[in-house]
Amino acid sequence: MDLKSIPIVDSHCHLFDLAFKKRNLAGLLSLSLEQWDVKHLEDTLIYKRFIKALAEFYEISCDEAEVLKARERTCERDYRGYVKNLFEHAGITDVVVDLGYKPAEVNIQDFKDFVPCNVHYVFRIETLLDKLWEQKRDFNEALELFRTTLYKQVETGVVAFKSIIGYRTGIKVTVPDYKEAKKAYEIENNEKIFRDFFFNETIRICKQVDLPFQIHAAFGESNVNILNNNPLLLKNILDEQAYKDVKMVLVHGGYPYSFEAGYLVAMYPNLYLDFSEMIPWLTFDAKHGLKKILDMAPFSKVMYGSDGYIVPEIHFFGAVEGKRILGEIIGELVKSKILSESQGLELAESVLYKNAKAIFKI
């Protein structure tokens, strides 16, 4: 099914350059934080696919050098116009931006003014928690600062909070009480209990202010332990009765635990997911992973996202690939007479933009 005309809400992405900078695109498309010979990074499927997608956008041959020259010429001539054309071509109407990852250091108001679509921000709690853990101040003071900061973020209009606790102490989160957390912070130097407590505190605040909570529960850069990020490890939190009416969103489709993520979304009414990073980083398994999710998860609870960052072409590439892969899956469902064409279109519209608009109230 051709989904090119359907609009997209990018439910999970990051800031990108507001002026053209010469960047090594192959390096940007690697999730590794190690030092690499760039030749190896150029010999990855994501880089080859990325170059091909840009060649098709520029309407030139798929020669890497020619594509890179065309990109440089286009950006230097009219970078703002170029970004506008990318977003319009991909049909991106809204972006939901995690402010916690800033390899592209830009002013957030300037970003909102520059980007040719609606921009909505998400506050990552580790932005503050990492500092609090290092400072080792009085626990009550730390707790008050944390609460005050989150409430101020609500006043600025953030559409969600987010945690990357999986990168720090893993997502097998407990529910420590105040006394445990205070002792862990001031006496025991127990980072897990400290972070678990503030993870729970964020959920409680989300409940008060009626905002969703994004949770990294998947693969990522080379400093994440994937074994500690299986979404099933969150079951303790999902079973907590007090949190049942707080919308939680698994970021990155739980991959490589996509079936597990889809299963949980099918079991818990308040759990949602996006499949950012699966698309566009995966070549073969993006389609398989999304199929595993849709096998059980209600498609009213599944969202597209790109995880794009630093350069706007990744946001564009994710949208183009997302539509292509989702279109292939829906085409198979229609051809197999599992869905009608109208049902397939309903699925596509839900996943590409309707669900994110509802969940983030945009």
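The side chain of threonine 202 reaches the backbone oxygen of phenylalanine 198 at 2.8 Å. This distance, like every other value here, comes from a predicted model. Threonine 202 is part of helix 10 and is buried, its relative accessible area being 0%. Apart from residues up to four places away in sequence, threonine 202 touches Ile125, Phe146, Leu150, Phe161 and Phe213.

**Helix 10 and its ends**

Helix 10 covers residues 191-209, 19 residues in total, and reaches 27 Å from its first C-alpha to its last, close to the 27 Å expected at 1.5 Å a residue. The N-terminal end of helix 10 is capped by asparagine 190, which has a side-chain oxygen 3.2 Å from the backbone nitrogen of lysine 192. Asparagine 189 belongs to the loop between helix 9 and helix 10. Just after helix 10 comes aspartate 210, with a positive phi of about 60°.

**Backbone geometry**

Most residues other than glycine have a negative phi, and most peptide bonds are trans.

| Residue | Phi |
|---|---|
| Lysine 136 | positive, near 50° |
| Asparagine 189 | positive, about 55° |
| Aspartate 210 | positive, about 60° |
| Lysine 337 | positive, about 65° |

Lysine 136 follows helix 6. Lysine 337 is placed in the loop between helix 15 and helix 16 (341-359), and with 74% relative accessibility lysine 337 counts as exposed.

Two peptide bonds are cis. The bond from tyrosine 255 to proline 256 has omega near 10° and is cis; proline 256 sits in the loop between strand 6 (248-251) and helix 12 (258-267). The bond from isoleucine 279 to proline 280 is also cis, with omega near 20°, and proline 280 is in helix 13 (residues 278-281).

**Aromatic pairs**

The structure holds 24 aromatic pairs. One of them joins tyrosine 79 and phenylalanine 114: the ring centres are 5.8 Å apart and the planes are at 25°, so the pair is stacked. Because tyrosine 79 lies in helix 4 (residues 64-90) and phenylalanine 114 in helix 5 (residues 108-114), the pair ties together parts that are 35 residues apart in sequence. Tyrosine 79 and phenylalanine 114 are both buried.

A tilted pair is formed by tryptophan 133 and tyrosine 185, at 6.3 Å centre to centre and with 45° between the planes. This pair links distant parts of the chain, with tryptophan 133 in helix 6 (residues 126-135) and tyrosine 185 in helix 9 (residues 178-188), 52 residues apart. Both residues, tryptophan 133 and tyrosine 185, are buried. They belong to one aromatic cluster made up of Trp133, Phe139, Phe146, Tyr178, Tyr185, Phe194, Phe197 and Phe198.

The ring of tryptophan 133 also has a charge over it: the charged end of lysine 136 sits 3.3 Å from the ring centre. In a second case, the charged end of lysine 301 sits over the ring of tyrosine 272, 5.4 Å from its centre.

**Helix 6**

The buried residues of helix 6 are Glu126, Leu128, Leu129, Asp130, Leu132 and Trp133. They are covered by elements that include strand 3 (118-124), helix 7 (139-156), strand 4 (160-163), helix 8 (165-168), helix 9 and helix 10.

**Nonpolar core**

The largest nonpolar core has 126 residues, and those with the most contacts inside it are Phe87, Phe111, Phe146, Phe161, Phe199 and Leu326. Leucine 326 is in contact with Leu3, Leu290, Leu347, Ala348, Val351 and Leu352, when neighbours within four places in sequence are left aside.

**Two further positions**

Arginine 80 lies in helix 4 and counts as partly exposed at 47% relative accessibility. Beyond its neighbours within four places in sequence, arginine 80 is in contact with Asp113 and Phe114. The C-alpha atoms of arginine 80 and alanine 19 are separated by 7.9 Å, and the two residues are 61 residues apart along the chain.

Isoleucine 310 lies in the loop between strand 9 (302-303) and helix 15 (312-335). With a relative accessible area of 6%, isoleucine 310 is buried. Not counting residues up to four places away in sequence, isoleucine 310 touches Leu15, Phe16, Asp17, Arg23, Leu28, Pro103 and Ala104. Between the C-alpha atoms of isoleucine 310 and leucine 25 the separation is 9.9 Å, for residues 285 residues apart along the chain.

Definitions and conventions: Residues numbered from 1 in each chain as written. Predicted model: local features only at pLDDT ≥ 70, side-chain atom pairs only at ≥ 80, totals over all residues. Heavy atoms only, no water. Phe/Tyr/Trp six-rings, centres within 6.5 Å; stacked < 30°, edge-to-face > 60°. Helix = DSSP H or I, 4+ residues; strand = E, 2+ residues; numbered from the N terminus. Buried < 20%, exposed > 50% of the residue type's maximum accessible area, 1.4 Å probe, protein only. Lys NZ or Arg CZ within 6 Å of the ring centre and 35° of its normal. Expected span 1.5 Å × (residues − 1). Polar contact = N/O pair within 3.5 Å; in protein donor to acceptor, adjacent residues only side chain to side chain. Core = buried A, V, L, I, M, F, W, Y, C linked by side-chain atoms within 4.5 Å. Contact = heavy atoms within 4.5 Å.
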